Amino acid sequence: MNKLLSTLATVALLWTAPAGASDLVSFEPACRSHIIHRYEEVSRDYTYLEFYRNPQPCRLQGIIGGEHQTFINVIGFTGDRYSVSLIEKEDHPSFSISGDGIRVSAAPESNEKIVEIEVMETFFSIAVYAYPYGEYQMTIKKL
């Protein structure tokens, strides 16, 4: 119950504008229920996700390059584990994961990382980048 209340409180705090549609990042229809907030700046896209209403994996694809970066922020609670994987579609996009109260480890496959939540609640951020250009497909799933 506490997780549900925390998720609802987070949604209420973050939901200040309707989710926009970026030309650079697109989410599969099954992933749209994970999105609790999206906004775009000149060279940055930010998306906030949760996996408590819908535990299915979230798949997205995007184009990245130059100074443009995409940030995907996922809310998690103590003991939650997530898999984040990236498939390069063109050139060499990459990603990093950061946040307080998390442990990140590499999975056996080089393009997959496992994120474990060690604190009561936190957001971890996935930053996707490439230079000069890259196209990618990403899958985020709660384990």
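Reader: Before we start, what should I know about the model and its numbering?

Author: Residues are numbered from 1 along each chain as its sequence is written, and side-chain values use heavy atoms, leaving out hydrogens and water. The model is predicted, so local features need pLDDT of at least 70 and side-chain atom pairs count only at pLDDT 80 or more, while totals for chains, interfaces and linings use all residues.

Reader: Which cysteines form a disulfide here?

Author: A disulfide is a pair of cysteine sulfur atoms within 2.5 Å. Here Cys-31 and Cys-58 form one, with their sulfur atoms 1.6 Å apart. The pair links distant parts of the chain, 27 residues apart: Cys-31 lies in the loop between strands S1 (25–27) and S2 (35–40), and Cys-58 in strand S4 (residues 58–65). Strands are DSSP runs (E, at least two residues), numbered from the N terminus.

Reader: Why is the disulfide called left-handed?

Author: The torsion about its S-S bond is about -55 degrees, so the disulfide is left-handed.

Reader: Is Cys-31 buried or exposed?

Author: Buried means under 20% relative accessible area, exposed over 50%, and partly exposed in between (1.4 Å probe, protein chains only). Cys-31 is buried at 1%, and Cys-58 is buried at 0%.

Reader: In what order do the strands of the open sheet come?

Author: Strands of a sheet pair through backbone hydrogen bonds, either parallel or antiparallel. Two strands count as paired if DSSP finds at least two bridges between them. In this open sheet, six strands follow the order S1-S4-S11-S6-S9-S8, with antiparallel pairing. S1 and S8 (102–106) are the edge strands, each pairing on one side only.

Methods. Helices (H or I, at least four residues) and strands (E, at least two) are DSSP runs, numbered from the N terminus.
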